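Q: Please take a close look at a single part of this model, and describe its setting in one connected answer.

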Amino acid sequence: MKPSQIVYAIIALALLGLAIAGGIAYGWIATGILVVGVIVPDLALVGGFAPGLEKGQLARRAVVPYNILHSYYVPLALLLLGLVAPVVWLPTAVELPLLALGWALHISTDRAVGYRFRTWDGLQRTAFTFA
């Protein structure tokens, strides 16, 4: 395991602790929002399947959306938007920060297990195959 993976694992565990605390503090709606945040980054995979690709390879049309959804910029933007313009479904307006938390948890977990961004040809760049 590379040192960067250890750092990402620590970040993922901290985010998981916050997610559990948020789910307990704000209930089932908050837990649902967190789960959506964990799932959304992989929605780019849906458009990436095509015949004739290697195992695990994405179609080129899905590489950019996949890489954008797996960057920390999106959850950071959601967090900032939630702090500036909160949505009020829950009493404390924490919907967007909870979504950002789940999203960052997904990204950190991917990085901890060695997954990185996709290459331009759609192959998975991992911590084990690239420096």
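A: Leu-16 counts as partly exposed, at 38% relative accessibility (buried means under 20% relative accessible area, exposed over 50% and partly exposed in between, with a 1.4 Å probe and protein chains only). The model is a predicted one, in which local features need pLDDT of at least 70 and side-chain atom pairs count only at pLDDT 80 or more, whereas totals for chains, interfaces and linings use all residues. Residues are numbered from 1 along each chain as its sequence is written, and side-chain values use heavy atoms, with hydrogens and water left out.

Leu-16 lies in helix α1, where a helix is a DSSP run of H or I with at least four residues, numbered from the N terminus. From C-alpha to C-alpha, Leu-16 is 19 Å from Gly-82 in space, while 66 residues separate the two in sequence.

A search of the whole structure finds one aromatic pair, a pair being rings of Phe, Tyr or Trp (its six-membered ring) with centres within 6.5 Å, stacked if the planes are under 30 degrees apart, edge-to-face if over 60 and tilted otherwise. The ring centres of Tyr-8 and Tyr-72 are 6.5 Å apart and their planes lie at 10°, so this pair is stacked. The pair links distant parts of the chain, 64 residues apart, since Tyr-8 belongs to helix α1 (residues 3–26) and Tyr-72 to the loop between α3 (60–69) and α4 (73–84). Tyr-8 is partly exposed, with a relative accessible area of 21%, and Tyr-72 is also partly exposed, at 29%.

Terms used
Helices (H or I, at least four residues) and strands (E, at least two) are DSSP runs, numbered from the N terminus.
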